[in-house]
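Thanks for coming, everyone. Let me put the model up and walk you through it.

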Amino acid sequence: MGKFTAYKVQLASLPDGKYEQEFEIDTEFFRNMENHDIISSDVKVHLDMLKKNDTYDCTFHCKGMMQIPCDRCLDPLDHEVDTVYHVTVKYGENYDDGADNLLVIPYSDSYLNVAYILNDTILLTIPLRHVHPMGKCNRAMAAALSRHKSGVDEETDEALDEVDAELENDAED
């Protein structure tokens, strides 16, 4: 049994209709993807699929929690995952994922392995800069970091902290 066999969605033999499937994205999933930046993961994925005229409309609902390292102190940071991804799957001569939200798979494939789709969808929910709220970072690491900063870096870090504070205020409004 392969690492990602649990993420196969049967397509070829399905009659027209609605289908559902559940997946779990845990820490082992990311280890198998060779992504060691995810500390832990407990994300549930619900797939709603509608097959109509050899077209498969797939909607993935991803919800759960992950722990990622804080960019400032490297301690675990909780990250909530709550996203939806829609893709239409069709059969064609060759594999083609060049269009947004359209995936063409070869006629020879009887199933679609959604592991890489789920990996990309979930990873795209992580913000570019992920840090603890002000004052919540590991104090020992923050102190060590501040000892090694130059004046220019402090100004940059303070500016980024101000942007973080503004974003938090906007989110609260």
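Start with the overall build. The protein chain has 4 helices and 8 strands. Keep in mind that this is a predicted model. Along the sequence, the order runs β-β-α-β-β-β-β-β-β-α-α-α.

Some totals next. The protein chain has 173 residues, and 35% of them count as buried. The chain exposes about 10,900 Å². Now the contacts. Take those between residues at least 6 apart in sequence: 57% of them join residues at least 24 apart.

On to the pockets. Rolling a probe the size of a water molecule over the atoms shows where empty space is left. The largest pocket here has a volume of about 400 Å³. How many residues line the largest pocket? The count is 18. Nearest its centre lie Tyr 85, Tyr 95, Asp 97, Ile 117 and Asp 120.

Where does that lining come from? Five elements each supply at least two residues: strands E5 (76–92), E6 (96–99), E7 (102–106) and E8 (111–113), plus helix H2 (115–123). Which of them gives the largest share of the lining? That is H2, with 4 residues. By type, the lining divides into 11 nonpolar, 5 polar and 2 charged residues.

Now the aromatic rings. A pair of aromatic rings is described by the distance of the centres and the angle of the planes. The structure holds 9 aromatic pairs. Take Tyr 7 and Phe 23. Their ring centres are 5.9 Å apart and their planes stand at 20°, so this pair is stacked. The pair links distant parts of the chain, 16 residues apart. Tyr 7 sits in the segment before strand E1 (8–10), while Phe 23 sits in strand E2, residues 17–26. Buried or exposed, Tyr 7? Buried, with a relative accessible area of 8%. Phe 23 is buried as well, at 4% relative accessibility.

A second pair, then: Phe 60 and Tyr 85. Here the ring centres are 6.5 Å apart and the planes are at 25°, so this pair is stacked too. Phe 60 is buried, at 0% relative accessibility. Tyr 85 counts as partly exposed, at 27%. Remember Tyr 85 from the pocket: it is one of the residues nearest the centre there.

One more point on rings. Ring pairs link six residues into a cluster: Phe 4, Tyr 7, Phe 23, Phe 29, Phe 30 and Tyr 116. So Tyr 7 and Phe 23, our stacked pair, belong to that cluster.

Let's stay on strand E4 for a moment. Lys 63 is found there. At 47% relative accessibility, Lys 63 counts as partly exposed. What does Lys 63 touch, leaving aside neighbours within four places in sequence? Its contacts are Asp 42, Val 43, Lys 44, Glu 80, Val 81 and Asp 82. Look at Val 81 in particular. Lys 63 and Val 81 are 18 residues apart in sequence, yet their C-alpha atoms are 5.1 Å apart in space.

Strand E5 has its own example, Pro 76. Pro 76 is partly exposed, with a relative accessible area of 42%. Not counting residues up to four places away in sequence, Pro 76 touches Ile 39, Gln 67, Ile 68 and His 132. From Pro 76 to Ile 38 is 38 residues in sequence and 9.3 Å in space, C-alpha to C-alpha.

Last stop, the backbone. Most residues other than glycine have a negative phi, and most peptide bonds are trans. Which residues have a positive phi here without being glycine? Glu 34 is one, with a phi of about 60°. Asp 54 is another, with phi near 60°. Both are in loops. Glu 34 is in the loop between helix H1 (27–32) and strand E3 (40–52). Asp 54 is in the loop between E3 and E4. Glu 34 counts as exposed at 64% relative accessibility, and Asp 54 counts as exposed at 52%.

That's my tour. Over to you for questions.

Key:
Residues numbered from 1 in each chain as written. Predicted model: local features only at pLDDT ≥ 70, side-chain atom pairs only at ≥ 80, totals over all residues. Heavy atoms only, no water. 1 Å grid on protein atoms, 1.4 Å probe; cavity = no way out; pocket = protein on both sides within 12 Å on 5 of 7 lines; lining within 4 Å. Points joined across faces, edges and corners; volume = space filled by probe spheres on them. Nonpolar A, V, L, I, M, F, W, Y, C, P; charged D, E, K, R; others polar. Buried < 20%, exposed > 50% of the residue type's maximum accessible area, 1.4 Å probe, protein only. Contact = heavy atoms within 4.5 Å. Areas by Shrake-Rupley, 256 points an atom, 1.4 Å probe, with all protein chains shown as cover. Phe/Tyr/Trp six-rings, centres within 6.5 Å; stacked < 30°, edge-to-face > 60°.
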